[in-house]
Every structure is written in structure tokens, then in C-alpha cells.
Amino acid sequence: MKAPGGPEVAAGDVLLSVEDVSLAFGGVKAVNDVSFDIRKGEIRAIIGPNGAGKTSMLNIINGFYHPQQGRITFKGETRAKMRPHDAAAGGIARTFQNVALFRGMTSLDNIMAGRTLRMNKNLFWQLLRFGPAMKEEVEHRARVEEIIDFLKIQEIRRTPVGRLPYGLQKRVELGRALAMEPELLLLDEPMAGMNLEEKEDMSRFILDVNDHFGTTVALIEHDMGVVMDLSDRVVVLDHGVKIADGTPDQVKSNQAVIDAYLGVAH
Amino acid sequence: MAFDASALADTFPKLLLRNARLYGARPSMRHKDLGVWQTWTWAEVLEIVRAYATGLHRLGVRRGETVAIVGSNRPKLYWSVMAAQTLGAIPVPVYADAVAQELSFVLAHADVRFALVEDQEQIDKIQSVKDKLPKLEWMIYDESRGLRDYDHSHLRSMEDVIADGRKALAADASLGAWLDAEIAATKGSDPSIILYTSGTTGTSKGVVLTGERSIKAASDTVVFDKLTEKDVALAYLPLAWVGDHYLNYAQGLVSGFCMACPESAETVMSDLREIGPSFYFAPPRTLEVLLTRVMIRMEDAGALKRKMFHYFLGVARRYGERILNGQPVGLAGRLLYGIGNILVYGPLKNTLGFSRVRVAYTAGEAIGPDLFAFYRSIGLNLKQLYGQTEAFLYITAQPDGAIYSDTVGPACPHVDIRIAENGEVLFKSPGMFSGYFKDDAKTAEAMTPDGYVMTGDAGYFDEKTGHLKIIDRAKDVGKLTDGTLFPPKYIENKLKFYPNIREVVAYGDKHDFVTVMINIDLTAVGSWAERNNVVYASYQELAGHRQVYDMIEKHVAETNASLAADKMMAGIQIKRFLILHKELDADDGELTRTQKVRRGFIAERYATLIKALYDGSKEADISTEVTFEDGRKGVISARVKIRDMAVVPAMGQAA
């Protein structure tokens with residue numbers, strides 16, 4: 001489905017670009033003069049040691065933080081400031097480092113919540129849950145069921161997410177992001193705290209999402225092995241500065257990256 | 001009566017034609033897809049199977065050849081079986097969770113050119129062993145996900161094959177007549193299916209079953225249990241297991257009942273509740289897991305509910321079984337049971353999905369008397385049967401009203417049973433196999449000269465009830481050094497009836513005394529640990545915990561006491577035991593795919609532990625290779641403690 005607003009971007013063209021962006025909290029420069037782009041259809045990784053500014057970067061992209069300097073161009077539209085709900089409406093969805101779901105609600109309801117932006121009937125009809133609102137809900141439910149099938153979480157459809165193990169919560173969160181039918185999916189450490197099997201499952205899902213829905217994915221990840229296997233291109237941050245950008249192989253052999261990860265004698 | 005017509009139909013494709021004629025508008029199959037139950041009537045299934053068979057024929061499937069079917073219970077895979085049989089080809093179902101090596105053995109042994117599979121997982125598995133399968137030409141899949149970028153020169157989706165067949169049938173009217181002739185040409189004496197045994201005893205063998213015999217056997221049990229086209233069964237048992245092919249596929253086609261396929265293997269519990277089957281089969285282990293889960297949840301319930309639950313379970317224990325068996329029960333008892341039914345048993349059965357079950361069977365292993373009595377006392381008509389693949393399942397089954405937990409019932413209609421001198425059970429039955437595929441030597445080995453099949457099980461007819469009792473595998477019955485008869489399974493089953501114990505392996509043959517290795521049940525012991533503030537980080541740590549050992553020691557002591565009560569068994573009391581540091585697993589070859597322990601293999605793998613059990617050491621070190629679910633291997637090491645047990649003097653014997 002075409003995301004509302006903005007012109008179409010062909011596969012391989014730049015979907016989002018970040019130019020000379022800087023962000024400071026008081027005297028601390030979290031992101032310093034960083035530029036990179038995300039092409040449509042690719043899996044783009046942002047990596048770096050702790051405190052490198054990865055999450056800040058993600059928060060800038062989806063409009064949660066406003067950079068003091070620089071420009072962000074999404075689908076050809078350049079903006080200095082974007083608010084999270086604009087980002088969502090524009091087709092950017094995300095998951096969080098610490099799962100942010102409605103814990104008392106079932107997996108199904110959580111994923112349905114991801115459809116909110118796509119529901120057109122007003123509150124009055126939705127409260128009545130009758131007539132056109134009912135028809136609309138059925139349509140959305142069908143889409144949600146496709147996602148449930150896709151992520152293979154049928155057995156936890158009716159389980160409150162608070163009762164689920166962490167790995168499954170992460171999957172539900174991914175489901176909610178997918179329910180928005182985003183053009184750009186931002187994943188903040190999708191594998192954090194997972195065991196090997198869960199990591200492999202999650203990698204499979206990310207690849208499938210990219211392949212099946214053609215969704216562009218930008219992800220932050222700690223696990224180097226996972227990043228190198230999954231991504232098409234990698235950008236490396238260290239202390240808020242971009243130190244490398246390229247294919248996994250290029251990045252792997254980059255001396256600055258090796259130094260940043262392994263440390264150097266000063 | 002509906003099944004009269006089965007006398008006319010000697011193959012499953014002919015039965016399908018008959019069902020479409022008799023029950024055309026009735027549901028034949030249901031499947032939950034994208035959260036909604038989809039239904040196909042018998043007429044619709046016939047149309048699909050005809051199109052599918054035509055499509056397969058156009059790809060090259062020919063009469064008499066084998067076709068592999070790999071996957072879980074999905075309508076398209078059942079239709080694959082039907083479509084293959086329609087063409088006179090022989091379906092060979094393979095367990096969906098078989099590892100690549102097992103899969104390649106069956107596919108190579110059966111000479112398949114076509115593999116009809118569920119999804120990418122199975123295709124990847126087959127492709128990883130492709131060099132061992134030179135004959136394999138085509139793979140046809142149900143679920144297209146992840147397969148878009150695969151080379152499709154020898155890959156098709158079932159949907160495309162069916163669509164292709166449908167188009168061809170529409171374009172050429174003579175094709176329909178040809179297909180009718182193909183169905184008419186299927187012969188009841190030809191092989192209808194080849195079911196590979198799970199391999200409890202070495203490599204698996206292909207059991208060839210013919211259509212005529214299969215249908216005869218199924219007709220007998222359909223009459224025995226009064227199954228009709230109005231019944232519903234949940235098809236959740238492994239497709240490649242004789243149980244599924246018999247209970248669901250064969251009985252379904254004979255009686256015309258509806259088979260419901262679960263959404264996925266994980267959703268079986270909720271699907272059961274939604275479908276509310278009237279015919280149900282579950283191995284004892286499944287029933288045990290269900291009961292454990294209910295009991296654990298009751299522990300967390302409020303005090304009032306818990307009291308009510310336990311009070312009415314007591315009432316059920318007193319009157320339930322007698323009411324179910326139609327025996328006289330006083331008015332007060334009936335009244336109490338009635339109240340219990342409204343307050344406890346009814347809601348409980350509803351939660352478990354048993355509300356509409358009219359006939360339920362369990363088989364495969366001995367069932368604990370308490371477990372068996374529990375289900376019967378809450379009003380579930382649970383019965384036992386005894387059978388095997390070579391018999392096309394049924395050898396004995398318990399008739400309504402004559403149910404005992406320690407017997408498997410009298411011989412089924414038209415089944416002839418004989419007990420050999422060494423105690424082995426021999427039988428002749430309407431559904432018995434025609435031989436092992438490509439293995440006449442093994443076929444001859446399994447039969448007596450006068451045509452009885454040797455089951456390999458030791459048993460005897462109980463004098464009181466006239467029912468058959470099975471004690472162990474005939475070849476597993478060993479002897480202690482003093483000559484005492486030692487049936488390991490008898491001891492293992494006694495211990496396994498404790499909810500805290502998941503698996504037991506007993507040793508004693510050619511030794512001075514009996515020892516056991518125990519696997520704790522993580523659900524039950526984990527919940528106990530939580531309630532008793534026992535802290536643990538892993539299965540291994542919990543298994544080695546001192547308090548867990550204390551608890552298991554109590555169970556072993558009770559088992560010894562109960563063994564002592566039986567004069568025959570007093571000599572095989574357990575002298576030493578240990579708790580294993582890892583769960584026995586089919587992926588490591590320790591269990592068969594049907595979850596039976598492979599005692600010999602385990603003895604080799606844990607040789608150091610067995611040595612320690614007999615040399616008097618207090619603990620032993622062990623490291624074992626394990627296979628993870630993704631196929632990688634790793635090593636688990638542990639130090640396992642061993643405990644000594646006191647032996648209870650035999651009853652009525654001077655100490």
C-alpha cells in the first residue's frame with residue numbers, strides 16, 4: 001500500500017537523507033555533523049559503541065529530537081523540524097530498545113493499535129462500533145491477521161503482552177510497527193537481550209519484512225555478527241561522529257572502526 | 001447405515017467420490033487461516049482433488065510410483081495424499097520435524113521423484129541432502145513465503161498445480177472422463193500408502209498398507225464407536241504417524257466426518273476449544289501435560305475456587321466413573337455430581353475443549369491410573385486401545401462400559417490374537433500390512449509361518465476381565481543376575497506417573513540390582529520451585545538441586561513400596577538413582593519421534609553415569625554433545641549426584 005503524503009520514491013533511490021546534523025544536550029554533543037542517506041528497499045544499519053549517538057540519531061529521524069543544525073530530507077521533502085506523529089503519518093514506524101507496548105492489552109489489540117492512523121471513521125462511529133466503523137474494523141483486522149500469520153504469533157493472539165516472554169514481546173512490537181505499513185522501519189536494537197534462537201528468528205523476520213513488503217529498514221544493533229549478515233550498508237558512529245560508511249565488508253576492514261570497537265592505546 | 005457403501009469402495013479415491021455424492025454439502029475439512037475457520041464441503045474437496053490430481057499427472061506423476069508428503073496437518077497436504085491416491089500413486093508421509101538425515105533416508109529408500117511439502121523449511125531441508133536423492137525431480141510447496149527468489153525450474157506451488165489441473169479439466173472435456181477411469185482403475189489390493197515406522201528398534205521400515213484392508217479396518221472401528229458424518233475430529237497428530245492416517249484420514253473418509261486442521265502446532269489447545277471435536281485421540285503424555293497445566297493454574301486460583309475444585313474432584317472420584325459406566329449410584333451421589341458438573345467438570349471440560357467429545361482414545365504408552373481415572377471421573381469417555389503401524393493401528397480397544405486403566409481391552413472385531421510361548425503378542429487383523437517396502441527379509445522376520453504378525457510386545461490376557469495387558473517390549477524384558485525377571489518399562493511407568501517426573505530410564509538387565517536415571521518435568525518442578533523459593537538459573541541447576549533430589553527420593557521410595565506389594569516385582573526395587581542434567585530429546589536421538597526412550601542408545605551415550613550407578617560412587621562427571629534446534633552442535637557438561645535407596649521388604653515375607 002502506498003503511504004499517504006509525499007511523492008513515490010523508486011527502489012534504490014534515496015528515501016531519507018541526513019545532512020550535517022548536530023544535536024547537543026547542554027554541553028554534550030550527542031550527534032556531531034553527521035551525514036548519511038538511506039536508500040529505498042535496503043537494510044541500513046547504524047552501529048557504534050555505547051554512547052555513540054545511535055539512538056539519538058534514530059530519535060532525530062523520527063522527529064522525537066530536533067537537531068540544532070542540519071537538514072533531514074524524507075521522500076524529497078526537506079524539514080528542519082518534524083514531530084513524531086508527522087513522521088508516523090509520513091510512513092516512518094519504529095520499535096524501541098526497551099519494549100514499549102500496552103502491557104495489559106492482548107497481542108492482537110496492540111497490533112491493532114498500530115492501525116490507528118489508518119482508521120478514517122471518527123470517534124463517534126468508532127465508539128458505536130456499528131455500520132461503517134464495523135466494516136472498517138473488519139478490514140483492519142484482516143490486515144492485522146496477515147501480520148500475525150507473517151510473524152507466526154497465532155498462539156499468543158489473545159494473550160496479554162505483559163505475560164509474554166521478552167523475545168515474543170519484541171515480535172509483537174515489530175508487528176505493531178508493521179501494522180502501520182511503513183515505508184521506513186526503524187528498529188532500535190531489535191535483538192537486545194535475546195538468545196541465539198530468538199536472534200535468528202528475528203533476523204529471519206527482518207529479512208522477510210524487507211523482501212516481502214519491500215520495507216526499507218534502518219536498524220541499530222550491538223551484535224556485530226547480526227549486523228554484518230543482515231545489512232546492505234552500515235554507518236558507524238563513535239562519540240557522535242561518523243567514522244565509516246559502506247558495505248559490511250568495507251566497514252569491517254576499516255581501521256577507525258576496529259579502533260573504536262577494540263580500543264587503541266592512547 | 002452410511003458405511004454399508006464402504007463394501008463397494010475398496011480405495012480412498014472411490015470413497016471420496018461416494019462421500020461427495022452422499023454428503024456433498026456437509027463439511028469435510030476445516031482449517032483456521034488468518035484467524036478465521038475456513039470450511040470445505042465433500043463436494044468442494046472432490047473438485048480440488050480432481051484438479052490437483054490432473055495437475056500432478058501433467059507434471060509427470062504416474063500410477064504405482066511413490067510421492068513424499070512432508071509437513072504438518074494442513075488441508076493441502078491431506079489433499080496431496082488424496083490426489084496421489086487418485087492417480088494410483090503411493091503417498092509416503094514423512095514427519096515434519098524429521099531432521100535432514102532421517103528425511104533423506106526415507107526419501108531415498110522410497111525412490112520418490114516428487115516431494116509435496118509444506119514450506120520453505122522443508123524445501124531447505126531436502127535441498128541440503130539433495131546429493132543423496134538423485135531421483136528427486138520436483139518439489140511442490142503449500143506455503144510460498146520466503147521462496148520467491150528460489151530457482152523455480154523444479155519447484156511449483158500447490159496452488160499453481162491445482163490451478164493448472166483445473167484449467168486443463170475445463171479446456172478438455174475428455175480429461176474428466178480419463179480421470180474417472182483413473183479412479184475406477186485404483187485397486188484395493190494395490191498399496192494405498194507407505195508409513196515409515198518411527199524406528200524405536202533401529203532404522204525405520206516402510207509399512208505398506210493396501211486400500212482394501214485399510215478401509216475394512218476403519219469400517220470395523222467406525223461401527224464399533226458409532227462414528228457418523230456428523231462427528232468432528234481435530235487433526236493434530238503427526239501426518240506421518242499411523243494414528244493420524246487411521247483415526248482421522250481413514251475413519252474420516254469411511255464415516256464422512258469432518259477433519260479440522262489447527263492453525264499451527266502451537267495453537268492446538270485453543271483450536272480444540274473452538275472446534276469442540278466429538279472424536280478425540282491423545283497420547284497419555286498430552287493428557288498428562290493438560291492435567292499438570294490445570295493443576296498448576298488451580299494452585300494460583302483463589303482459596304474459595306481452589307476449595308470448590310478439590311471438593312468436587314473428590315466427588316467425581318467417588319461417583320464419576322460409575323456414572324459413566326452406567327453403574328448404579330445413589331440419588332445423593334448423582335445430585336452432588338450434577339452440581340459438580342455445573343460448577344467444575346463442565347467448565348473444566350469446556351476449557352480443555354472436551355465438552356462435545358463422545359469417544360476419546362489414548363494409546364502408545366501405559367497411562368497412569370490416577371490420570372486415567374481423573375479424565376473419566378469428570379465425564380470424558382476416555383478409553384484405551386492397543387495397536388501398531390503393521391496392524392494399521394487397532395489390535396485391541398476397550399468397549400464402552402468395560403474400562404480399566406491397566407488393560408488395553410479385548411481384541412477388536414475380526415482381530416485374532418495369540419500369545420506366544422515367550423509372552424509375545426501375535427495377531428491377525430483385517431487391516432494388517434502387506435509387507436515392508438523393499439524388504440522381504442524383514443517382512444518374513446515379522447511374521448509367523450501361519451501368517452500372524454509378531455508385535456514385539458510382551459503381554460497376557462487378564463483372567464478377571466479377559467482384556468489384554470501389555471507389560472513391556474518382549475525383547476526389553478531382561479533378567480537380574482539372580483534370575484529375577486526385569487521389565488524396565490514397568491518400573492519406568494510407575495515413576496512417570498508422578499507429575500514431577502517426565503522421563504525415566506531403568507537399568508538392571510545382567511546387573512545385581514535396578515538403577516534409574518530420571519528427567520524432571522520442568523513445568524511441574526519449576527512451579528514447585530517458585531512456590532518454595534528455590535532459586536535456579538537453568539534446567540541443569542534445578543535438576544541438581546538438593547531439595548529436588550529430596551523430593552524425587554520420596555517418589556522413588558513410594559515406588560519401591562508399591563513394587564514390594566507385588567510378590568513378582570519385589571525383587572526389582574530401585575537401589576540407586578540419579579537425576580539427569582539435561583532433558584532427553586529426539587533431536588539428540590535419545591527419544592524417538594513419538595517420544596519413546598531409546599534405552600540402548602542412552603546406555604551408550606551415558607555410559608559413565610551407568611558405570612557410576614553400579615560402582616557405588618556418590619557423583620559422576622558427564623559431558624554430552626547436544627544438537628540445537630537450528631542443527632548446530634554444542635557440549636553440555638555436568639557433575640551428577642547419585643543417591644542410594646533403601647529396599648522395602650517384600651509383603652508377607654519373613655525379613
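These legends go with close-up views of a predicted model. Residues are numbered from 1 along each chain as its sequence is written, with chains lettered from A and ligands numbered from 1 in the order in which they are written. Local features need pLDDT of at least 70 and side-chain atom pairs count only at pLDDT 80 or more, while totals for chains, interfaces and linings use all residues.

**View 1. Helices α2 and α6 of chain B cross each other.** Helix α2(B) covers residues 42–59 and α6(B) covers 158–171; helices here are DSSP runs (H or I, at least four residues; strands are E, at least two), numbered from the N terminus. They pack at about 95° with axes 7 Å apart, the axes being lines fitted to C-alpha atoms over the stretch in contact and the angle running from 0 to 180 degrees between N-to-C directions. That makes the pair roughly perpendicular (65 to 115 degrees; under 35 is roughly parallel, over 145 roughly antiparallel, the rest oblique). Among the contact residues are B:Ile48, B:Tyr52 and B:Leu59 from α2(B), plus B:Val161 and B:Leu169 from α6(B); contact means C-beta atoms, placed from the backbone, within 7 Å.

**View 2. Domain 1 of chain A meets domain 2 of chain A.** Domain 1 is 1–91 + 183–266 and domain 2 is 100–181, with bounds from an automatic or database domain assignment. Their centres, taken over C-alpha atoms, sit 26 Å apart. Here 12 residues of domain 1 touch 10 of domain 2, and α7(A) gives the largest share of the domain 1 side, 4 residues. By class, that side has 10 nonpolar, 1 polar and 1 charged residues.

**View 3. Domain 1 of chain B meets domain 2 of chain B.** The centres of these domains are 35 Å apart, again over C-alpha atoms. The contact pairs 8 residues of domain 1 with 9 of domain 2.

**View 4. The largest nonpolar core has 141 residues.** Such a core is a set of buried Ala, Val, Leu, Ile, Met, Phe, Trp, Tyr and Cys residues joined through C-beta atoms within 7 Å (buried: 20 or more other C-beta atoms within 10 Å of its own; exposed: 12 or fewer; partly exposed: in between; C-beta atoms placed from the backbone). B:Val67, B:Ala68 and B:Ala115 have the most contacts inside it, and α2(B) gives the largest share, 9 residues. Domains 1 (2–280) and 2 (282–380) of chain B both contribute, so this core lies between them.

Methods: Two residues are in contact if their C-beta atoms, placed from the backbone, lie within 7 Å. Ala, Val, Leu, Ile, Met, Phe, Trp, Tyr, Cys and Pro count as nonpolar, Asp, Glu, Lys and Arg as charged, and the others, Gly among them, as polar.
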